[in-house]
Amino acid sequence: MDLQEKLVSSFMVFENQGKLDLDSSVHDIRTKAITAFEKQGFPTKRDEEWKYTSLKSVLKHDYSVFPKVETAIEFKDVKKYFLHEIESYKVVFIDGVYSSFLSSTTHDGYDICLLSAAIKNPKYKMVIDNYFNKIVDKNSSVSNLNTAFSTEGTYINIPKNTVLPKPIQIVNFYTGSEKEILLQPRNLVVVGENSQCQIIERHQSLSDNVVLTNAVTEIFVNIRANVDFYKIQNDNENASLIDSTFVQQKEGSIASVNTFSFGGKLTRNNLEFYHEGERIESHLNGISILDKKQHVDNHTLVKHQYPNCESFELYKGIYDDASIGVFNGKVIVDQEAQKTNAFQQNNTILIGDKATINAKPQLEIFADDVKCSHGCTIGQLDESALFYMQSRGIPAKEAKALLLYAFGNEVVEKIKIPELKSRITKLIANKLGVKLGFEF
Amino acid sequence: MLKIKNIHAGIEDKDILRGINLEVKAGEVHAIMGPNGSGKSTLSSVIAGNETYEVSEGDIFLDGESILELSPDERAHKGVFMSFQYPVEIPGVSTTNFVKTAINAKRKAHGLEDLPAKDMLKLIREKSELLEMDRKFLSRSLNEGFSGGEKKRNEIFQMAMLEPKLSILDETDSGLDIDALKIVANGVNKLRNKDNAVIVITHYQRLLDYIVPDFVHVLHEGKIVKSGGKELALELEAKGYDWLK
């Protein structure tokens, strides 16, 4: 039985176990989603959107689908995966199960808690009805799969005129309790008018067992709200991730999603922004630093549907050994979206002789009074810069690292949490195998 | 200090240097002049260790030891410095951080600890004042968006920071207006002492009014065709290079 069949038949077991909120409207959504997934199946390379990313190698495993009981983790053992230098709210999952011990949630003035609890609580019914699964791409089979099965994730609901005093960290740990596991976290983020929040999300495997995470996040950014989202992808080599993040923005809002991909076997990031109002600003930033046979695919979409909005997209990649990068950046500017500014930049350095990048900027512009640009560069390390640095006494290895560092710095500079910036800087230095004598 | 023996070098199949011999002693300033394409920049690149050029014959000694097999950074650690004709822009790395990295790399090669931050700052302040540099350049990305003159001044600032034994100034005067030229030359002169040496590579005599050489060599088609004292530079200025060909 292949994974698709297994999942479809598991759904009924799931239902029988009463895990699927049978009496809520969410159940109907799940039923529709599994039907759609059954029809669509997992994407293959024949699908245009998956042309350069084959899921074959990650789908061949016999994944456990249902999370088991909680495995305990000591904070000291996983402290390094948190941004522990600063105060934060924490929503932590271990093998897909909420860990109240490691978490720090709140209902004081705003809700930062579990999606499962929010779905069951009548108090949140209106929010769930209004927002759950509303902007997920129904043509995406992996997102449908998540919708059908996701029982756990983070629920963030911030009312209007509220600035969160500290960032929120969402951390998903996998302990290796199963030999091969499929995790499907689901996050719902609703940020009210004039409100602001910062979110850091991380998936971290703590063993060498195989894990596939199929995560979906919906983010609703209301009028003049400001949301800053950071994704840290530095998992080990048996961990794969399919992340689908959908952002809907209302008038005058600012949203940024920053993706840092350094680890993992296969990572696919689907990131989609939808504009529902004027004077919106969207920022999409990413940096991928890969080696060995790692594969990272960044698939982005910005849909400009209203006039006077701006989007800024900057993705950088450094690929060593036989690693593979994919960048597919789609920008759609509807006819109504006059005075749009949409800028896209994708820069790649290939270091490994067998490293590959497949870059595909896709601009579909139907309005005439717009400023849109895209730039795509693929290069190697600048030899003259290397010689220059060496001539000043900096050894080749450090000179290379410094140049690569500088190359990625433009993205790192966009991080608004100083402690996170310094953490990412260190992760990059580690990944490039150098100790830098200073911090940017 | 520096002894160049019958150096032949080129790029791919093209011979550029065809048997250069030169000896530079501590405390001396040598000027190498010559028309475009005579091999001036190739000579400085070969001394600094640029691997783009292949040395097919001859040897280069620094303090009696061959440096031909050494990488550019190893040569720098031994005290070779080259000021580039076209300094490279490195976006994302500030001048300060770059210089710190370079100094500490050299210290490490000599088995020393990193220079304490306080001492580093003091040194940076001292040397940047010597070059009358605007502080804001120190925190900006190295050479990015700098004018030609600012880039050259930054080169000499780095030279001052690294305190090399042998400095090669490759066309340092190009792109400088007269005021900047004076500041740069003044900086170089202040750094001179009996233990170090300078090779000035230039097309024009102008710079040599300010950095006065002990010897002038004329390079033509990859060979030194004439050597003399500082008056040779004036003669070249008046007569051009044609009479030497």
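To their contact (heavy atoms within 4.5 Å) domain 1 of chain A brings 43 residues and domain 2 of chain A brings 24 residues. The model is a predicted one, in which local features need pLDDT of at least 70 and side-chain atom pairs count only at pLDDT 80 or more, whereas totals for chains, interfaces and linings use all residues. Residues are numbered from 1 along each chain as its sequence is written, chains are lettered from A and ligands numbered from 1 in the order in which they are written, and side-chain values use heavy atoms, with hydrogens and water left out.

**The area buried between domain 1 and domain 2 of chain A.** About 3000 Å² is buried between domain 1 of chain A and domain 2 of chain A, with carbon and sulfur atoms giving 74% of this area (the accessible area, for a 1.4 Å probe, that two parts lose on being put together, summed over both). Of the area that domain 1 of chain A buries against domain 2 of chain A, 16% is supplied by A:Phe262, A:Lys316 and A:Glu398, more than by any other three residues.

The rule finds 4 salt bridges across the interface of domain 1 of chain A and domain 2 of chain A, a salt bridge being a side-chain nitrogen of Lys or Arg within 4 Å of a carboxyl oxygen of Asp or Glu. A:Lys316 and A:Glu410 form a salt bridge in which the closest N and O atoms are 2.9 Å apart. Several elements, among them strand E8 (196-205), strand E10 (226-233), strand E16 (310-319) and helix H9 (396-412) of chain A, each supply at least two residues of the side of domain 1 of chain A that touches domain 2 of chain A; helices (H or I, at least four residues) and strands (E, at least two) are DSSP runs, numbered from the N terminus. E14(A) gives the most to this side of domain 1 of chain A, namely 5 residues.

**The salt bridge of A:Glu49 with A:Lys330.** The side chains of A:Glu49 and A:Lys330 meet at 4.0 Å, N to O. This pair links distant parts of the chain, 281 residues apart, with A:Glu49 in the loop between helix H2 (25-40) and helix H3 (56-59) of chain A and A:Lys330 in strand E17 (residues 324-333) of chain A. A:Glu49 counts as partly exposed at 29% relative accessibility, on a scale where buried means under 20% relative accessible area, exposed over 50% and partly exposed in between (1.4 Å probe, protein chains only).

**The salt bridge of B:Lys78 with B:Glu65.** Between B:Lys78 and B:Glu65 the closest N and O atoms are 3.8 Å apart. B:Lys78 lies in the loop between helix H2 (72-77) and strand E6 (80-83) of chain B, and B:Glu65 in strand E5 (residues 65-66) of chain B, 13 residues apart. B:Lys78 is partly exposed, with a relative accessible area of 33%, and B:Glu65 also counts as partly exposed, at 39% relative accessibility.

**The salt bridge of B:Lys151 with B:Glu89.** The side chains of B:Lys151 and B:Glu89 meet at 3.1 Å, N to O. Because B:Lys151 lies in helix H6 (residues 148-162) of chain B and B:Glu89 in the loop between E6 and strand E7 (90-94) of chain B, the pair ties together parts that are 62 residues apart in sequence. B:Lys151 counts as buried at 15% relative accessibility, whereas B:Glu89 counts as partly exposed at 35%.
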